[in-house]
Amino acid sequence: MDQNQDNAVDKVLLERFESEIWNKVPHLENNQEGGKIVNATPLVDITADFKECAKKIYNLDISDSELQVYGKLDSTLLTGSIKVRPAANIIHEAISTGKIKSGQTVIEATSGNFGIALGMLSKLGLQVVTIVSRKLQEGVFHELRNMGIKIMDLEMDICPAPGMEGKKDELVAKATAANVRSQLTQLGFDPSIFDNSITEIEALLGKQDIINLAKLLAKKYNCFCPEQYDNDLNVNAHRTITGAEIDQQLQQDGNSLDEFNILCTFGTGGTSGGLSRYISEKYNKKGVHVIFPPGGQDVAGIRTHNNADGLKYYQPEKYAGEYEVDFEKAKPLLKFFVEKGHDIGESSALELYATLQLVSANKGKKFVVMICDGIEKYRKNLEKIGKIQPPGQVSQEEVASNSSEYDKVIWIHTQYTPQEGGIELLAKSLGIDKSKIVIPNARTAQQLLSGQGIPDEINNSIQESKGKSLMVCMAGRTSLMAANVLAEKGIVTDSLIGGITELPEARNSQLSELVKQASQF
Ligand SMILES: Cc1ncc(COP(=O)(O)O)c(C=O)c1O
């Protein structure tokens, strides 16, 4: 049955949703735009701690008496993050219009917080399936499981192989489709429905398009997909509620949003888009600064600039500014604020560090920083701050000009392995003898990346090495992840930026001459 053909509203579900969820999250009284906001999250003046952090951690004196920094504590929300705002609005509308009924399944692509927010529906008897396409921190998986959510873990962007046109996409798509099919079957979905759509599914997986995969699976299995990346209710929740809420709270403190800069990060673009629109409609200006981590850095819940570009709600013309900020530099700030008792997560720390940079550069005195979630899920990573020497990320030029320092080049990838031509190209481009290149099999790479310990083959190579070890993969992400896993065990290695595919000589070769699909499983 097509869900759209039966629009009867499940009144019992709606009532339970309103009493158990809607009434606990920020919303407009009487659903009236411009009206009072019920359940606002705290807007807290954190200027004193911000100044202390600047002085103690970064040795910066920002004693300016006009400086005002507020934190908008969405970490206090039901399910612990800002994402409950769009989730509640999208689900409320869907139940109210008969798109979701008791017993139905909700399926969505998410990097964590939106899925955790959807988990509130498990309490109402709805099944929630999240498609997770990124390496998530263990604490995030733990919360997803705790909320009773079913997880399909694809780890798609672990290390895509750009440039390996056609054939590679096909191979990856087929392997991933088999993985999706098996996970769906385990979750109780009928595999024959999947098989009937295999061409469409493989086409999406070939493009690593998990967002549309969630939509397609929802359609085929008669589930509901919130479509957070394309659903205007996501942006609208922040325009009509979050923006108005901050405005009302600043006014209560004798301030005006007109004079403030808001800092936020980017996941779907809902927060940045909604707040930008609120400010431009009410104050006719741009007031939102969007902060990204640089490529290669994984900050929980948010995207890099590259991964945001192309999404529907990535709208740079609406922002007051966009900045790439090094998360490594923001980590001591995260530790400082958490030790001070502030419940802030990784993305908040990135924004606060960006605020510090704006203040130092004299680019504003009044700021509202969106505290999108808290620290609990990220405790394990927090404990590592200051204790681990991060791996070096080095370019081909840097390696080639210091090649005598490297004694081992270790290939690391779970799907591809270099051909003879690839090994020769690596040796030539990096200026390192072929005998120093070690190629563990794909299973060994998988073992290392999944945190099951350091496989002997890799450990022995590194221990034997009289100089530095360099991790190399297809495009630079897998090797960085491997180097990070090793760093956690106290083993310092470097990772080659861009991997084999970005070596200058690789540009003149067919990638299929350099690498082949790994078979040693
Ligand atoms: C921790 C965290 N911060 C910020 C964001 C950004 O939110 P948005 O999706 O509205 O861009 C997200 C989104 O998932 C998030 O999980």
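Helix H11 (270-283) gives the most to the shell around the ligand, with three residues. Keep in mind as you explore that this is a predicted model. Below, we start at the ligand, step out to the domains, and then look at one helix up close.

**Around the ligand**
- There are 21 residues around the ligand, and those that come nearest are Gly 267, Gly 270, Thr 271, Gly 301 and Cys 372.
- Sorted by class, the shell has 14 polar, five nonpolar and two charged residues.
- Domain 1 and domain 2 each provide at least three residues of this shell.

**The domains**
- The protein is divided into three parts: domain 1 (30-80 + 232-384), domain 2 (101-220) and domain 3 (392-517).
- Between the C-alpha centres of domain 1 and domain 2 there are 29 Å.
- Where these two meet, 14 residues of domain 1 are in contact with 13 residues of domain 2.
- On the side of domain 1 that touches domain 2, you will find six charged, five polar and three nonpolar residues.

**A closer look at helix H5**
- Helix H5 spans residues 138-146, and its Val 140, Glu 143 and Leu 144 are buried.
- These three sit on the same side of H5 because they cover an arc of only 100° around the axis.
- Arg 145 and Asn 146, on the other side of H5, are exposed.
- The cover over the buried residues of H5 includes H4, strand E6 (127-132) and strand E7 (150-153).
- After H5 comes Gly 148, with a positive phi near 80°.

Notes:
Residues are numbered from 1 along each chain as its sequence is written. This is a predicted model: local features need pLDDT of at least 70, side-chain atom pairs count only at pLDDT 80 or more; totals for chains, interfaces and linings use all residues. A residue is near a molecule or strand if its C-beta atom, placed from the backbone, lies within 6 Å of it. Helices (H or I, at least four residues) and strands (E, at least two) are DSSP runs, numbered from the N terminus. Ala, Val, Leu, Ile, Met, Phe, Trp, Tyr, Cys and Pro count as nonpolar, Asp, Glu, Lys and Arg as charged, and the others, Gly among them, as polar. Domain bounds come from an automatic or database domain assignment. Two residues are in contact if their C-beta atoms, placed from the backbone, lie within 7 Å. A residue is buried if 20 or more other C-beta atoms lie within 10 Å of its own, exposed if 12 or fewer, and partly exposed in between; C-beta atoms are placed from the backbone. The arc is that of the directions from the helix axis to the C-beta atoms.
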